[in-house]
Amino acid sequence: MATTIEAVAVASSRWPTRRSARKLADDAIRTSVARAGVTTNDIDLLLNAGLYRERILGEPALAALIQTDVGANPEDPHDGRHGTFSFDVANGTCGPLTALQIADGFLRAGTVQHALIVASDADPGRGLAPRFPFAASGAAVVCRWDDDGGGLVGFRWETSPRDGDLLRARVAFERGRNVLRIEEDPAFGERAAAWAGKAAAALLADHGVGPDDVDLVIPSPLTAAFLDALPAHLGVDGDRLVTVPGADRVHTAGLLVALAAAHEQGRFGDARRVLLVSASAGIVAGAALITR
Amino acid sequence: MMERSPNGSRAPYVARLESVGRCLPATRLTTDKLMASTRHHTRIDLERLTGIHERRVSDGHEHSLSLAASAAADCLSRSRHRPEDLELVVSCSITKYRDDLVQWLEPPMSVAVAESIGAVNAVTFDLSNACAGMLTGVFVVANRIRRGEIRRGMVVSGEYISQLGVNAAAHVRSLMSRELASLTLGDAGAAVIVERAPDGARGIEVAGFTTVSQHSRLCFAYPAKHDLGARMFTNARAIHRVAIADMPFLFQETLEAAGLEIGDIDYVIPHQTSARAIRKGMGEVCEALGDTPRHQAVVTVDRYGNTASTTHFVALVEELRAGRLHAGDRVVLVALASGLEIGFVLFTVDEELVGTYGNDD
């Protein structure tokens, strides 16, 4: 009995300046829902973990706009329809892992039957983000509760506020206009990998599993330095990591993009123990274990 | 989606509100003074329209993080728990200002709040759900407590949002202005510790939320292009119409889940937008449900304005401080937020929560 990942889909654009984070999310959701063999009306809980969207919208939650776009019970409540609840989760590139844990909680409690997690980022446009560093990309996963099969069995988190200056994204008023500045210290990737390693080690210890017992590691791509340093901190061979060429410019959708790659490569279905690993500004690092 | 407590082996525990705190800036801004600052001569009697006499505003030294951190510290000062006992800190603000009006998107606000109060063992994340943020946070934390995954967590928010009113004052021309609602905003921080209730305690009996997203375009807020801070554009009349249309059905659903009727409820604490809208909205709900709660809906918007995601807990503290809440009182916190988010948290006040404000004047 566990939360299972039913389907995953990626949306990207060859025209980064022409795409919106919302539309990337919409595309990823439509594909993932179709792959899961359900409709958007079957989604009880919709969580958006993307950060960089048109105008850097603060209100409403982008999840509500996405919910309307994809037609997940957008209408006024009435008898016989369960409705959809949606909101945004903001935890940097760890957002999808946090959203997965929230969804897992409501699935475990039997409150919902299907949950959807989406993450996407794109240049906010209107000159708000000069030299926006991240690729326009989005990804979504559909999760459900499985009474018989394996799935997510646990999460672990680590936080290191003293490393909080290593990655910062701030909107400040400069020369008469608001501007988004994203600053990354070269040391960020390595430090993030160290904290991700700690979170993963604690998680594996919780479940009496050693690094050698992990068949597949699905990391948020984050940065090349992060991926280079991660195997040593996890204590696993690099060939067990799923890597996606060019994905180091993918931001919040990174973990889900790597998950999709694992599916496409046929590595996800064959693995008995899968470790999801993510790290983000904060430093916040998290890990989740899937067993079958 | 809705959760009732307790609910069988998959969610055997009940969550309760253990302590609640708030932080209000000392500076008061009256509606008269705010309306006198508008660039255009508007002829709008905002106080008559909304019932808002004044709101608290930052003097520039307080911001989203400091308001959240001070509210969290206030909450802990009334709690049995130490900061290091917190297993989860969830920050739920719309605004994420530090250093006056610098909006931080990364790292998340929750990391900084946890660090400032010494919650060294807490997992942290932010969630964002407009003015339903804190109640959504309570829903998420309560879910983990109900399943036995954690024993306690803090939900916190700091809203430095009065700058939207400053910007609106430069643009509002008439009653039809889509920035009129920005003039109702005030600054505040709020925090609540949610924990596992003792066996047999009622605690949070029902919590339920839905997003009626076909109305998601009725309110937008984002960083201003050429003004400091942000601007918000709202169709307040349409939001009010939808709320009146949808609220009775959802309120009834919540009461049925708890096996209660509206007459069994002692206090309703709605989201604080305008005193007039609250009274009219509650009137419609009561008419549809055929009875009234034992007391009139709680209104604090006259003193504090609309403090966004913090309003319910600013009001809850107000009622506790005034000694109006007693053990056994059933309270419904009602979320109504851009999205359109509608949610209910129905809980019973217990002796311990009342006692956290027992020694205040």
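The structure is a predicted model, in which local features require pLDDT of at least 70 and side-chain atom pairs count only at pLDDT 80 or more, while totals for chains, interfaces and linings use all residues. Residues are numbered from 1 along each chain as its sequence is written, and chains are lettered from A in the order in which they are written.

In chain B, an open sheet of mixed pairing is formed by 5 strands in the order E1-E11-E16-E15-E14. Strands E1 (2-4) and E14 (267-270) of chain B each have a single partner strand and stand at the edges, so one side of each is left without a neighbour in the sheet. Strands (E, at least two residues) and helices (H or I, at least four) are DSSP runs numbered from the N terminus; two strands pair if DSSP finds at least two bridges between them. E1(B) pairs with E11(B) (residues 204-211) in the antiparallel sense over 3 bridges, with B:Met2 opposite B:Gly208.

Helix H5(B) (residues 133-146) lies across E1, E11, E15 (330-337) and E16 (341-348) of chain B, at about 130 degrees to E11(B). Such angles run from 0 to 180 degrees between N-to-C directions of axes fitted to C-alpha atoms, for helices over the stretch in contact.

Between the chains, 53 residues of chain B are in contact with 56 residues of chain A (C-beta atoms, placed from the backbone, within 7 Å). E8(B) gives the most to the side of chain B that touches chain A, with 6 residues. Strand E3 (residues 85-90) of chain A pairs with E8(B) in the antiparallel sense over 3 bridges, and A:Asp88 stands opposite B:Ser128.

Notes: Two residues are in contact if their C-beta atoms, placed from the backbone, lie within 7 Å.
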